[in-house]
Amino acid sequence: MGGVLGRAALPGLLRGPRAPGPCLLARSNSGEWPATRGSSWTRERTLVAVKPDGVQRRLVGDVIQRFERRGFKLVGMKMLQAPERVLAEHYHDLQRKPFYPSLISYMTSGPVVAMVWEGPNVVCSSRTMIGHTDSAEAAPGTIRGDFSVHISRNIIHASDSVEGARREIQLWFQSSELVDWADENHHSSIYAA
């Protein structure tokens, strides 16, 4: 690959875009930016779920690889046939929409791989990594932009807020299914003082 970008830029393009500035660092209530090292980083958790079409198309490994390469830590993962009661609670805000029955039918059509990822600003970064809900509008380099074929088969879910992530994690995981582990070779050297 020649031209303006050259070979050196190719790996970055293949990994997908980085989150825009505001997603990388959040201002504190005082309006100051946190330091890049030490305890001022907000450690967040988010729920990410590979939907039945992503599992059926063997994309789970690609999703995991993107989150690991981004530097996030996997603290929970399981494959399951999603129970309708969990889906009803998960999609409670969509229950009055005309597409709700087909959404539930789709989400119970095959296994789902639910994961909990941890890291600084992981909620916002995850949403940027997965791309727009409608695959026709999802940017190349995002998970949906690269793999999704239709808005109704969009591969992946990621929590849309810190509060939503807390609610969704409690819905999909028991606390005993989440593992707090020290990543001595990676996170401690990047995020700790």
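His157 sits in strand β4 (residues 156-158) of a predicted model, in which local features need pLDDT of at least 70, side-chain atom pairs count only at pLDDT 80 or more, and totals for chains, interfaces and linings use all residues. Residues are numbered from 1 along each chain as its sequence is written, and side-chain values use heavy atoms, without hydrogens and water. Strands (E, at least two residues) and helices (H or I, at least four) are DSSP runs numbered from the N terminus.

**His157**
- An unreviewed UniProt entry places the feature "active site" at His157; such annotations may be inferred rather than shown by experiment.
- His157 counts as buried because its relative accessibility is 14%, where buried means under 20% relative accessible area with a 1.4 Å probe and protein chains only.
- Not counting residues up to four places away in sequence, His157 touches Leu47, Val48, Ala49, Lys51, His90, Arg144 and Glu168 (heavy atoms within 4.5 Å).

**Strand pairing**
- Strands count as paired if DSSP finds at least two bridges between them.
- Strand β3 (residues 112-120) has nine of its nine residues buried.
- β3 runs antiparallel to strand β1 (residues 43-50), joined by eight bridges, and Arg43 stands opposite Pro120.
- Strand β2 (residues 73-80) also pairs with β3 in the antiparallel sense, over seven bridges, with Leu74 and Trp117 as bridge partners.

**Nonpolar cores**
- A nonpolar core is a set of buried Ala, Val, Leu, Ile, Met, Phe, Trp, Tyr and Cys residues joined through side-chain atoms within 4.5 Å.
- The largest has 22 residues; Val48, Val63, Phe67, Met115, Trp117, Ile143 and Ile156 touch the most other members.
- Another core, apart from this one, has 20 residues, among them Ala82, Ile104, Val112 and Ala114.

Notes
Buried means under 20% relative accessible area, exposed over 50%, partly exposed in between (1.4 Å probe, protein chains only).
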